[in-house]
Amino acid sequence: MFTVHERFEKAPKMMREVYCETLSELALENENIVVLDADLVSSSGMKPFFKAFPERAIQCGVAEANMIGIAAGLSCMGKIPFAHSFGCFASRRVCDQIMISAAYAQQNVRIIGTDPGVTAAYNGGTHMPFEDMGVLRSIPEITLIELTDTVMLRDIVTQLTKSYGVYYLRMARKNVTAIYCEGSRFEIGKGNVLADGRDVSIIASGIMVAESLKAMEILKSEGISARIVDMFTWKPIDAQLVADCARETGAIVTAENHNVIGGLGSAVSEAVVQSCPVLVEMVGVKDKFGQVGTEDFLRKAYDLTAEAIVAAAKRAVGRKG
């Protein structure tokens, strides 16, 4: 269903640009698509949509909780709402509205949380969500997805116009590394094995997928064979693939641009202990707040690098059995 680039370079278009293009194309075909924003229309790249579909674009102002309530109400009327804000506001600030007005009420709502983790960069600690997926993961029946690149974004957003439920999409706003070739298709709830290996499985998400592929090459040069998995759906987690990785490689490393507490490492570990308990090393933010800086600086400050993944993989392999 998917193919992977042989060389990994920055995608030519920003994530927000492709997000707007995709929804604009879909809105031409489906009159029920509605976009909501909380005073971040420029940041989300949605100005062209607001111009093209003014009757289906709602500027909610700095009132994120109200935005989710409006989205839930639109769902009641048969609409397909896509509500955007920065990840910190689209999770922490609106958790109760997502829980009650959307999920508990069994509505059809998509929440887009942008600038996750260190991609918030100069917006600093208050706007740097290391906890957004963890905050929302305990809500029943919600689906949590971290979009890897623009190809995945286009396919997943298209799928979500034809499905029903509450979805949280975590995505960077700007240019990310292109992992998948055009035309790739993705199954929500299933992880993608990007490369096979026998010694350790590296299960990654978001910006850490590219770092994991870099780590794989370093490990290969040192005689360690690493399997690379893009676990873009955090909930429901692909428990069968996690179990297969545990049985077939005997050790797992998780890599996430998120707090390891409540994040991908926690989700993978929960699956592991219920199927095939093996050692799990976690690469991610170790229960810290964000700070101001360039993305490159922040990646190094929080050990979100290929080198950190390599070190974790060596620890995991060395402690096996």
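How many nonpolar, polar and charged residues does the lining of the second largest pocket have, by class? It has seven nonpolar, two polar and four charged residues. Here Ala, Val, Leu, Ile, Met, Phe, Trp, Tyr, Cys and Pro count as nonpolar, Asp, Glu, Lys and Arg as charged, and the others, Gly among them, as polar.

This is a predicted model: local features need pLDDT of at least 70, side-chain atom pairs count only at pLDDT 80 or more, and totals for chains, interfaces and linings use all residues. Residues are numbered from 1 along each chain as its sequence is written, and side-chain values use heavy atoms, without hydrogens and water.

A pocket is an open set of points on a 1 Å grid over the protein atoms alone, where a 1.4 Å probe fits, with protein on both sides within 12 Å along at least five of seven lines; lining residues have an atom within 4 Å of a point. Its volume is the space filled by probe spheres set on the points, which are joined across faces, edges and corners.

| Pocket | Space | Lining |
|---|---|---|
| Largest pocket | About 590 Å³ | 29 residues |
| Second largest pocket | About 190 Å³ | 13 residues |

Lys10, Asn175, Ile207, Glu295 and Arg299 lie nearest the centre of the largest pocket. Its lining has twelve nonpolar, seven polar and ten charged residues. Helix 7 (208-221) and helix 10 (295-301) each supply at least two lining residues. Helix 7 gives the most, with six. Helices are DSSP runs (H or I, at least four residues), numbered from the N terminus. Domain 1 (15-171) and domain 2 (192-318) both contribute to this lining, so the largest pocket lies between them. The domain bounds come from an automatic or database assignment.
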